[in-house]
Amino acid sequence: SEGCGQGFNPSGSLVKAVLMNGAQSLKGIQSLPNGPIVGEVSDYDNNQNFGTVNLIKSLAIYGKNDINFVVVNNRILQAGRKNEIIVKAKKSFCDETELSVTISWYDDKGSYGCTNCLVNDLDLYVQRVRDSKIMWPNGLKNRDDTNNSERVRFEIEDGQKYRIVVEATNLSSQSQSYSMAAMGCFEIDEISD
């Protein structure tokens, strides 16, 4: 593949995005008012957050899995701008049925006593090109303005194009760097700033 074998120094935000991108739901006991439930714990809750690390789902590892993998390492995004990557789902490429995309960034320190402490708000979403349906991050039905890590994961439709968008929605400075990891069965169709 392009760039295979070429080394680079991954940032901490990229390592975090890669590990969170492939994280899997925990199984366990969840205490509820009507009694405990044994099974999968809800994604993105305060018990497991993004889940447990699974390197087979996090990285393309020769001989261990068959997924496509794209990373962005410390890319600078200007205030009010967005970066887009359009991918085309190709289930014949590999055995993964989901597209998973995660961004992470180092946010500035919030003010003392803040309730919503995110200073630089980047937004991740994935839009199906065919009908403009948007998949929002972290199990939400809208933008996430609370966290400095966001993940979108969903079942892909073979042959469909998806627009991965990272947008600098509300920054306290002129720019913010971020890292991104995307994995699944796809080919890159277009990259734009």
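Is Cys-114 buried, partly exposed or exposed? In this predicted model, Cys-114 has a relative accessibility of 25% and counts as partly exposed, because buried means under 20% and exposed means over 50%. Its bonded partner, Cys-117, is also partly exposed, at 37%.

**Disulfides**

The whole structure contains two disulfides. Counted along the chain, the bonded cysteines follow the pattern 1-4, 2-3.

| Pair | S-S distance | Angle about the S-S bond | Hand |
|---|---|---|---|
| Cys-94 and Cys-185 | 1.8 Å | -135° | left-handed |
| Cys-114 and Cys-117 | 1.9 Å | 110° | right-handed |

Cys-94 sits in the loop between β4 and β5, and Cys-185 in the loop between β10 and β11, so this link ties together parts that are 91 residues apart in sequence. Cys-94 is buried, with a relative accessibility of 10%. Cys-185 is buried as well, with a relative accessible area of 2%.

**Strands**

An open sheet of five strands runs in the order β7-β6-β9-β4-β11, and its pairing is antiparallel. The edge positions are taken by β7 (134-135) and β11 (186-192); each has a single partner strand, so one side of each lacks a neighbour in the sheet. At the β7 end, two bridges connect β7 to β6 (residues 121-128), and the two strands run antiparallel. Within this pairing, Gln-127 stands opposite Ile-134 of β7.

Strand β5 (residues 98-104) is joined to β8 by seven bridges, again antiparallel. Thr-102 has Arg-151 in β8 as its bridge partner. Of the seven residues of β8 (residues 149-155), five are buried, so the strand is largely enclosed by the rest of the structure.

The largest cavity holds about 50 Å³ of space. Two or more lining residues come from each of β3 (68-78), β4 (82-89), β9 (161-170) and β10 (175-184). The lining consists of Val-72, Arg-75, Asn-83, Glu-84, Ile-85, Ile-164, Val-165, Val-166, Tyr-178 and Met-180. By residue class, it divides into seven nonpolar, one polar and two charged.

Two of the strands that contribute to this lining, β4 and β9, also belong to the five-stranded open sheet.

Note on methods. Residues numbered from 1 in each chain as written. Predicted model: local features only at pLDDT ≥ 70, side-chain atom pairs only at ≥ 80, totals over all residues. Heavy atoms only, no water. 1 Å grid on protein atoms, 1.4 Å probe; cavity = no way out; pocket = protein on both sides within 12 Å on 5 of 7 lines; lining within 4 Å. Points joined across faces, edges and corners; volume = space filled by probe spheres on them. Helix = DSSP H or I, 4+ residues; strand = E, 2+ residues; numbered from the N terminus. Nonpolar A, V, L, I, M, F, W, Y, C, P; charged D, E, K, R; others polar. Buried < 20%, exposed > 50% of the residue type's maximum accessible area, 1.4 Å probe, protein only. Pairing = 2+ DSSP bridges. Disulfide = S-S within 2.5 Å.
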